[in-house]
2 protein chains.
Amino acid sequence: MPRFDVISQGEELLSGSTVDTNAGWICHELAEIGLEPGRVTVVGDVFDDIRDVIGEAARRVTVVICTGGLGPTSDDLTSEAAAAAFDQVTVSNPEALAQVEERYRARKREMPPANRKQAVLPVGATVLVNHLGTAPGFRMEEGGTVLFFLPGVPFEMKAMVKEHVIPELRARFVLPPRRTVVLRCMGIAESVAAQKMEGFERPGVLVGYRANMPEVHVKLHLAAGIEAEPLIAEVRARLGDVIFGVDTGSLAEVVGGHLRARGETIATAESCTAGRIAAALGAVPGASDYLLGGAVVYSNAEKVRQCGVDPDILEEFGAVSEPVARALAEGIRARVGATWGLGVTGIAGPGGGSPEKPIGTVHFALAGPTGTLHRKVHLPFERERVLLFTVGAALDLLRREVEGST
Amino acid sequence: MPRFDVISQGEELLSGSTVDTNAGWICHELAEIGLEPGRVTVVGDVFDDIRDVIGEAARRVTVVICTGGLGPTSDDLTSEAAAAAFDQVTVSNPEALAQVEERYRARKREMPPANRKQAVLPVGATVLVNHLGTAPGFRMEEGGTVLFFLPGVPFEMKAMVKEHVIPELRARFVLPPRRTVVLRCMGIAESVAAQKMEGFERPGVLVGYRANMPEVHVKLHLAAGIEAEPLIAEVRARLGDVIFGVDTGSLAEVVGGHLRARGETIATAESCTAGRIAAALGAVPGASDYLLGGAVVYSNAEKVRQCGVDPDILEEFGAVSEPVARALAEGIRARVGATWGLGVTGIAGPGGGSPEKPIGTVHFALAGPTGTLHRKVHLPFERERVLLFTVGAALDLLRREVEGST
């Protein structure tokens with residue numbers, strides 16, 4: 001198997017102010033198509049370091065993916081360093097310059113002179129189109145090693161790996177044909193999933209796991225000729241209905257697809273999540289087919305005003321309680337006139353916890369055509385993770401109701 | 001300045017199933033005391049790779065911190081690899097063995113035989129006590145370089161860095177104090193910021209940039225004895241009021257702090273962002289001091305129902321227009337009774353664009369005690385980035401209104 005190295009360039013990665021998630025993603029994608037990871041190296045903004053790391057990697061492995069350092073500022077040194085690693089020079093690449101200029105023209109903006117620097121590439125480098133940002137990528141070949149240089153902005157980098165890197169590597173190397181099936185789960189920990197999958201592996205079937213919070217993905221890597229369907233059925237028997245999709249998009253996309261297929265609509269009433277559930281639904285293109293609107297009801301007064309929650313209930317049970325969650329869901333459903341109303345109220349922390357209602361206590365309710373469901377969960381995490389998992393759990397409650405008869 | 005390398009060992013880091021947060025933390029801690037970060041290398045469970053990475057680092061820098069691979073299982077190879085890197089052998093270290101045994105005794109458990117492996121260290125290594133786990137750490141000195149080997153479990157590693165590594169490094173090197181000032185900006189591209197900062201660097205003052213979308217951070221790295229205040233004033237003169245904070249938290253935190261200080265409140269009415277602005281405000285601990293609530297008004301019917309937008313205005317100007325943005329802001333402000341009402345309507349794409357209103361067209365309005373401001377922007381990006389920058393621009397409009405007289 002050909003080996004690859006990943007180089008992440010950027011002072012902010014080395015200083016610890018940004019966590020490098022690019023390298024892990026790249027390792028995962030390239031391992032998926034059959035390449036073997038060698039090393040990941042993170043290097044800062046020191047020219048000699050970048051040059052040395054690139055040169056050493058090229059001598060060690062056959063594929064090098066380098067991200068970052070392609071911006072227009074003086075600390076963006078990757079292009080010069082890549083040239084120096086192979087005793088070459090850089091030159092303004094007309095194709096790259098045309099791309100940078102076109103990007104500004106399309107946005108009807110003047111290109112700052114600094115951005116001309118983004119088109120200065122090692123002599124002989126091939127330009128890689130970046131459809132999502134100003135920094136063109138490039139590739140080089142040196143002594144049997146192919147090197148890809150991509151921007152550090154994650155979604156730009158990911159699109160370019162998919163468009164440029166994966167197809168070239170697939171064409172270049174004879175990689176054992178294999179297929180990966182991704183079973184997306186909500187409401188199970190990675191370690192619990194792994195425990196339930198124990199002993200599942202067999203010749204031609206490898207199992208991988210990935211925590212993609214709040215989702216967990218279980219992956220079956222299948223060698224050529226292995227049939228997927230019976231294996232998927234077997235995984236379903238082990239993991240049950242925490243699986244919300246097989247080779248699908250995110251939970252919000254899956255739920256949205258079900259709603260669209262059923263011609264149904266949704267409205268939300270959110271306290272602790274403050275709009276995050278609606279925003280997750282609204283992040284999916286075409287969400288206006290089923291997302292009508294919602295209420296952010298952070299204050300008790302807004303719970304009363306926007307959803308008609310009875311002030312006596314708030315007084316008696318407190319804002320984080322089953323009756324309030326039900327009233328939120330039923331109130332927003334009736335007022336918006338949606339098929340489904342989703343109500344959420346909880347304590348995200350760090351303040352606000354008590355022995356009876358510790359931080360992480362969240363009440364959900366889903367009001368629908370045949371009544372209202374309630375769920376209570378305890379998410380023993382810090383604020384950001386409580387909110388993240390609350391969104392997942394809320395969408396999953398909806399998913400379980402709408403997926404059956406789609 | 002003495003340079004250090006960090007080595008993170010573990011197949012789960014290389015496969016992308018776990019994000020390496022240890023290395024960034026170590027870099028930050030050691031940079032704080034004045035050491036200069038060299039490289040971070042992530043390496044898997046291949047013996048030769050681990051041995052090579054350790055040996056190469058020791059030849060390159062004067063301090064090496066290696067985490068992971070000290071456990072009792074067959075894929076824990078760090079001790080053997082560290083010995084091999086310097087042509088040494090390992091031996092069962094009585095002091096380390098006593099520690100592992102003591103750890104089990106204290107928990108009143110039988111020590112599994114496999115754990116004896118954790119006391120097998122390179123000959124001549126010094127044991128480092130781990131008070132929080134079974135794996136002892138160790139240190140070696142080779143050719144003027146000191147190497148620390150620590151467990152990969154973050155809280156064990158962190159405690160040992162503080163107990164063993166930092167004190168030794170402080171005693172060993174005369175470290176110059178230095179300071180980094182972070183100026184947070186909204187509404188300026190990284191390249192434009194860099195252009196305006198051209199020629200700012202001087203002896204003892206380095207400038208760095210970081211795009212932390214939608215924010216841009218300009219960093220001043222100051223050597224000992226350099227006064228920060230005059231430099232900050234000079235950067236303000238160059239960049240102007242795009243700077244929303246110096247050494248502060250995120251824009252949502254800064255805006256929230258201003259609102260709290262003024263005793264004011266905010267309500268939102270969001271179309272395209274579908275709750276994301278309210279969620280950004282609500283992600284900050286203590287947001288209930290100023291965030292009352294808001295409306296997600298994805299459908300036109302909800303714009304009318306929740307904010308009282310005149311249907312004739314929707315008909316005449318369309319949902320994405322100045323009059324609708326104003327009506328949203330004024331309507332939500334009046335209904336919630338907040339000091340400020342923020343209204344947003346735009347076209348995030350990929351559908352819905354037209355020649356007059358291309359994708360990325362967003363109208364903002366901010367209604368307050370003395371009237372309503374309107375802004376129109378064009379964000380020529382794909383959906384996710386349009387939404388991200390819309391949140392930034394909306395919060396920044398609010399920030400400019402509330403920061404003056406806090």
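Visitor: Which residue is the bridge partner of Gly294(A) in S14(B)?
Guide: Val296(B) is the partner of Gly294(A) there. Strands here are DSSP runs of E, at least two residues long, and helices are runs of H or I, at least four long, all numbered from the N terminus.

Visitor: How many bridges join S14 of chain A to S14 of chain B?
Guide: Five, and the two strands, residues 291-297 in each chain, run antiparallel. Two strands count as paired if DSSP finds at least two bridges between them.

Visitor: What kind of model is this?
Guide: It is predicted: local features need pLDDT of at least 70 and side-chain atom pairs count only at pLDDT 80 or more, while totals for chains, interfaces and linings use all residues. Residues are numbered from 1 along each chain as its sequence is written, and chains are lettered from A and ligands numbered from 1 in the order in which they are written.

Visitor: What is the mean pLDDT of chain A?
Guide: The mean is 93, and 99% of the residues in chain A reach 70 or more. pLDDT is the predictor's confidence in each residue, from 0 to 100. The model also scores ipTM 0.78 and pTM 0.78.

Visitor: Back to the two chains. How many residues are in contact?
Guide: 67 residues of chain A touch 62 residues of chain B. Contact means that the C-beta atoms, placed from the backbone, lie within 7 Å. On the chain A side, 33 are nonpolar, 23 polar and 11 charged. Nonpolar covers Ala, Val, Leu, Ile, Met, Phe, Trp, Tyr, Cys and Pro; charged covers Asp, Glu, Lys and Arg; the others, Gly among them, are polar.

Visitor: New topic. Which domains does chain A have?
Guide: Domain 1 is 3-172, domain 2 is 178-246 and domain 3 is 251-402. Those bounds come from an automatic or database domain assignment. The centres of domain 1 and domain 2 of chain A, taken over C-alpha atoms, are 33 Å apart.

Visitor: Where does Arg107(A) lie?
Guide: In the loop between helix H5 (94-106) and strand S5 (120-122) of chain A.

Visitor: Why is Arg107(A) partly exposed?
Guide: Because 15 other C-beta atoms lie within 10 Å of Arg107(A). With C-beta atoms placed from the backbone, 20 or more others within 10 Å makes a residue buried, 12 or fewer makes it exposed, and in between is partly exposed.

Visitor: And strand S3 of chain B: why is it largely enclosed?
Guide: Five of the five residues in S3 (residues 63-67) are buried, so the rest of the structure largely encloses this strand. Val63(B), Ile65(B) and Thr67(B) point one way, and Val64(B) and Cys66(B) point the other.

Visitor: Which residue stands opposite Ile65(B)?
Guide: Val6(B) does. Strand S1 (residues 3-9) of chain B pairs with S3(B) in the parallel sense over five bridges. Five bridges also join S3(B) to strand S8 (residues 145-150) of chain B, again parallel. There, Ile65(B) has Phe148(B) as its bridge partner.

Visitor: What about S16 of chain B, how many of its residues are buried?
Guide: Eight of its eight, in residues 361-368. S16(B) runs antiparallel to strand S17 (residues 371-378) of chain B, with eight bridges. The two form a hairpin with two residues between them.

How values were computed: Two residues are in contact if their C-beta atoms, placed from the backbone, lie within 7 Å.
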